Every structure is written in C-alpha cells, then in structure tokens.
Amino acid sequence: MLEQRIQQHFIDSADLKYQSAQALSKPIAAAVQAMLACVTSGGKVLACGNGGSAADAQHFAAEFVGRFERERPELGAIALTTDTSIITAIANDYDFNVIFSRQVRALGAPGDVLLAISTSGNSANVLAAIEAAHAREMVVVGLTGRNGGKMAQLLRDTDVHICVPHERTARIQEVHLLTLHCICDAVDAQLLGEQEPTP
Ligand SMILES: O=C(CO)[C@@H](O)[C@H](O)[C@H](O)[C@H](O)COP(=O)(O)O
Ligand SMILES: [Zn+2]
C-alpha cells in the first residue's frame, strides 16, 4: 500500500514531465535567450520565490555563479531569499509583501532579468517584485503552474511565462527544477558549444 503510493508519485511526476516537454520547450527556449542576452551584456538575474520556490531560486543562482556541469566563466545571479537581515528588516519595518520588491529596486538595472517563481502565480511578494522589475526596465521570466494565477495577468509580451500544466504544488515544483536545469544546460551550450557534458 505504502510502496504503491510512493510509486504513484514517480509515475505522476514522470507523466507530467513528458507532457511538459511538449508544452514548455518553446517558453523555456525564450527564457534561455532572455538570460543569455542579459548575462552577455553584463547583466544579472535576480531570483525570488517562497518556500520550495525560494530553494529553487537559490539552487539556480548557485549554478549561475558557480557552475552547472561544465567549466565556464561566472554568470551573474542573486537569490533575493538569502539575506535574513534584509528580509527581516523589510518585513518588520514595512511588510512581508515587499521583501523582494525593495531588493529589486535596490539592485535591479535595465537589462537585468527577474526570475519570479510561484506555483500558484499568486504570492503577493513575488507579484510586487514583478512590478518593481518592470519599473526598472527588466525582463521577467515567470515560472508558475495551474492557470498562472495573477502572475499571468501581470506579465508583459516582452516577458516569458513558463506555466506548468498541473494543479499540485509538489508536481509543479518538480518541473520547475527540471526547467531551471534545462536553462543552465542551454545557456552553457550557447556559450560553449553543444558538446556533451562530462558526468
Ligand atoms: O514546497 C512547498 C510545497 O511543496 C511549500 O513550501 C511552498 O513552496 C509554499 O507553501 C509556498 O509559500 C507556496 O507559494 P507559491 O508557490 O504559491 O508562490
Ligand atoms: Zn516542497
């Protein structure tokens, strides 16, 4: 019974990944082009999200600033989820809903990219970060699920929306992580050529 339940998670996750390969390859390629244009002209990616998506933001920044699978020059990325002094000060003195947007206004510049991650598309602090990014003339790459929530309405034609076609937060997050690895791999392939990564 328990093993069957566990196996069902693997089956559901694999099914969604097959479906998402079709549905998401185009917007993921667009996200790669946006991030390449940004980092090759000296820009950086600011990444934000809550809970598991905060972990995804940090995971992504680590692979840009450190490396993914191949040796390459450092790429600019900052997770806006990591500085507890900044986050607690903003939440305490202003509001939790502005913990990311104040950082975007402080650090963002035209040509930078905001990576905004929310499975529901409805987290108020992520939505405020998008508004701040637009005010700074940044491009937004939005990762959502379900129907994209409020983020779907907020994103512009010049932004990129990657919306995972599923209702369940955990499943959506699993595809978000795969998406971020696809972006890292494709950025490396564009910068270094398409050789296979060494394991
Ligand atoms: O990881 C999980 C659930 O798998 C949770 O921590 C989840 O990320 C949190 O509930 C978030 O606050 C959800 O926010 P969002 O994805 O709707 O923006
Ligand atoms: Zn989780």
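This report describes the sheet, the helices packed on it, the ligand shell, the core and selected residues of a predicted model.

## Basis of the description

Residues are numbered from 1 along each chain as its sequence is written, and chains are lettered from A and ligands numbered from 1 in the order in which they are written.

## The parallel sheet

An open sheet is formed by 5 strands in the order β2-β1-β3-β4-β5, with parallel pairing. The edges are taken by β2 (77-79) and β5 (160-164); each has a single partner strand, so one side of each lacks a neighbour in the sheet. From one strand to the next, the twist averages 15 degrees. Helices (H or I, at least four residues) and strands (E, at least two) are DSSP runs numbered from the N terminus, and two strands pair if DSSP finds at least two bridges between them.

Strand β1 (residues 45-48) is joined to β3 (residues 113-117) by 4 bridges, and Leu 46 has Leu 114 as its bridge partner in β3. With β2, strand β1 pairs in the parallel sense over 3 bridges; here Val 45 stands opposite Ala 77. Strands β4 and β5 pair in the parallel sense over 5 bridges, and the bridge partner of Thr 144 in β5 is Cys 163.

## Burial of the strands

A residue is buried if 20 or more other C-beta atoms lie within 10 Å of its own, exposed if 12 or fewer, and partly exposed in between, with C-beta atoms placed from the backbone. By this criterion both faces of β1 are covered: Val 45 and Ala 47 are buried on one side, and Leu 46 and Cys 48 on the other.

Although β5 stands at an edge of the sheet, 5 of the 5 residues of β5 are buried, so this strand is largely enclosed by the rest of the structure. Val 160, Ile 162 and Val 164 point one way from β5, while His 161 and Cys 163 point the other way.

## Helices on the sheet

Contact between two residues requires their C-beta atoms, placed from the backbone, to lie within 7 Å. Axes are lines fitted to C-alpha atoms, for helices over the stretch in contact, and angles run from 0 to 180 degrees between N-to-C directions. Helix α2 (residues 52-65) packs on the sheet and touches β1, β2 and β3, its direction making about 155 degrees with that of β2. Helix α5 (residues 124-135) lies across β1, β3 and β4 (139-145) and runs at about 165 degrees to β3.

Ala 132 belongs to α5 and counts as buried, with 21 C-beta neighbours inside 10 Å. Leaving aside residues up to four places away in sequence, Ala 132 touches Ser 101, Val 104, Arg 105 and Gly 108.

## The nonpolar core

A nonpolar core is a set of buried Ala, Val, Leu, Ile, Met, Phe, Trp, Tyr and Cys residues joined through C-beta atoms within 7 Å. The largest one has 56 residues, and Ala 47, Leu 114 and Ala 129 have the most contacts inside it. Helix α1 (residues 2-40) gives the most to this core, with 9 residues.

Residues up to four places away in sequence not being counted, the contacts of Ala 47 include Ala 57, Phe 60, Ala 61 and Leu 115.

## The shell around ligand 1

The shell around ligand 1 has 13 residues, of which Gly 51, Gly 52, Ser 118, Thr 119 and Ser 120 come nearest; a residue is near a molecule if its C-beta atom, placed from the backbone, lies within 6 Å of it. Helices α2 and α7 (169-192) each supply at least two residues of this shell, and α7 gives the most, with 3 residues.

By class, the shell comprises 2 nonpolar, 11 polar and no charged residues. Ala, Val, Leu, Ile, Met, Phe, Trp, Tyr, Cys and Pro count as nonpolar, Asp, Glu, Lys and Arg as charged, and the others, Gly among them, as polar.

## Residues with positive phi

Most residues other than glycine have a negative phi. Glu 137, in the loop between α5 and β4, has a positive phi of about 60 degrees. Glu 137 counts as exposed, with 12 C-beta neighbours inside 10 Å.

Arg 146 lies in the loop between β4 and α6 (149-154), and its phi is near 50 degrees, a positive value. With 18 C-beta neighbours inside 10 Å, Arg 146 counts as partly exposed.

Key
This is a predicted model: local features need pLDDT of at least 70, side-chain atom pairs count only at pLDDT 80 or more; totals for chains, interfaces and linings use all residues.
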